Amino acid sequence: MEPIIRTENLTIRFGGHTAVSHVNFEMPPRHLKSIIGPNGAGKTTFFNLLSGELKPTEGDVFFKGESMASLSAVARTRKGLGRSFQITNVFPNLTVLENVRLAVQSKEKIRYQMARHFLHYKQMIEEAEKLIALVLLDGKEHAIASQLSHGEKRKLEIAMLLALDTEVLLLDEPTAGMSLEEVPAILDVIRKIKQTGEKTILLIEHKMDMILDLSDSIMVLFNGKLLADGSPQEIMDNETVQNAYLGGLYDENLAES
Ligand SMILES: Nc1ncnc2c1ncn2[C@@H]1O[C@H](COP(=O)(O)OP(=O)(O)OP(=O)(O)O)[C@@H](O)[C@H]1O
């Protein structure tokens, strides 16, 4: 099967520091791959290179075989490569429903900029309500975004990403900063999205139990380099990974998450 996304020699240097170093990776469609690695390994930078927020010093990203080199982040989203919204993209004084409806509307603007072919307002509301239910925020439609708990805000961000209807979802630590009680709900949301069978998901996470539960495959970054890429079992059994990451640094990361 042709990979939906792949990188060739992907590299970025900040001054003298190589944050992502010659990474060759690929994944098939409708697959869930987690990216693990210690703090500073280059995971978020790798995401930013995929999404187009950063330009590589060397190498390239291919989406369905097409080079993304000349495309901005917005153009990549239009193609189907979507990066999760950060809190800053959420309008704090608007309700959950209004935020998701605006994201649905922005997809239509992105897709049909020229034709001005907007969905009717009612249809946009219906689509937004469907997504709010998918991320388990039903009952919170009319809550003001700024008053949501941290976990609920992350769910809102995921709903807004889903509203863009991209084939690939890049989820950067969806459980970051969450209380332990909030984590299972996010796990459920990602599982539900996976079960729709429509999305390719790349997930950065530190919570190993969650990674093992969800992932079809896991890639390990270490000092910007791709250390290993394989099934969860292969990664757990991989001696280099054990020594470099799971054995020594993993517990430290777990304590911080
Ligand atoms: N814009 C930048 N300018 C300079 N250095 C940067 C920049 N962005 C990232 N770095 C450096 O690149 C390295 C990789 O950072 P990155 O945030 O990608 O790691 P990470 O694996 O996502 O870490 P964490 O798990 O802590 O989020 C770090 O040493 C970081 O300081």
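A residue counts as near a molecule or strand if its C-beta atom, placed from the backbone, lies within 6 Å of it. Keep that in mind as we tour this predicted model, where local features need pLDDT of at least 70, side-chain atom pairs count only at pLDDT 80 or more, and totals for chains, interfaces and linings use all residues. Residues are numbered from 1 along each chain as its sequence is written.

Let's start with the ligand. Around it sit Phe 14, His 17, Ala 19, Gly 37, Asn 39, Gly 40, Ala 41, Gly 42, Lys 43, Thr 44 and Thr 45. Strand E2 (17-27) and helix H1 (43-51) are the elements that give two or more residues to this shell. H1 supplies the largest share, 3 residues. Helices (H or I, at least four residues) and strands (E, at least two) are DSSP runs, numbered from the N terminus.

Now look at helices H5 (residues 150-163) and H6 (residues 183-195), whose axes come within 10 Å and cross at roughly 15°. Axes are lines fitted to C-alpha atoms, for helices over the stretch in contact, and angles run from 0 to 180 degrees between N-to-C directions. H5 and H6 are therefore roughly parallel to each other (angles under 35 degrees count as such). Gly 151, Arg 154, Lys 155 and Ile 158 of H5 meet Ala 185, Ile 186 and Val 189 of H6, with contact meaning C-beta atoms, placed from the backbone, within 7 Å.

Here is the make-up of both groups.

Methods. Angles under 35 degrees count as roughly parallel, over 145 as roughly antiparallel, 65 to 115 as roughly perpendicular and the rest as oblique. Two residues are in contact if their C-beta atoms, placed from the backbone, lie within 7 Å.
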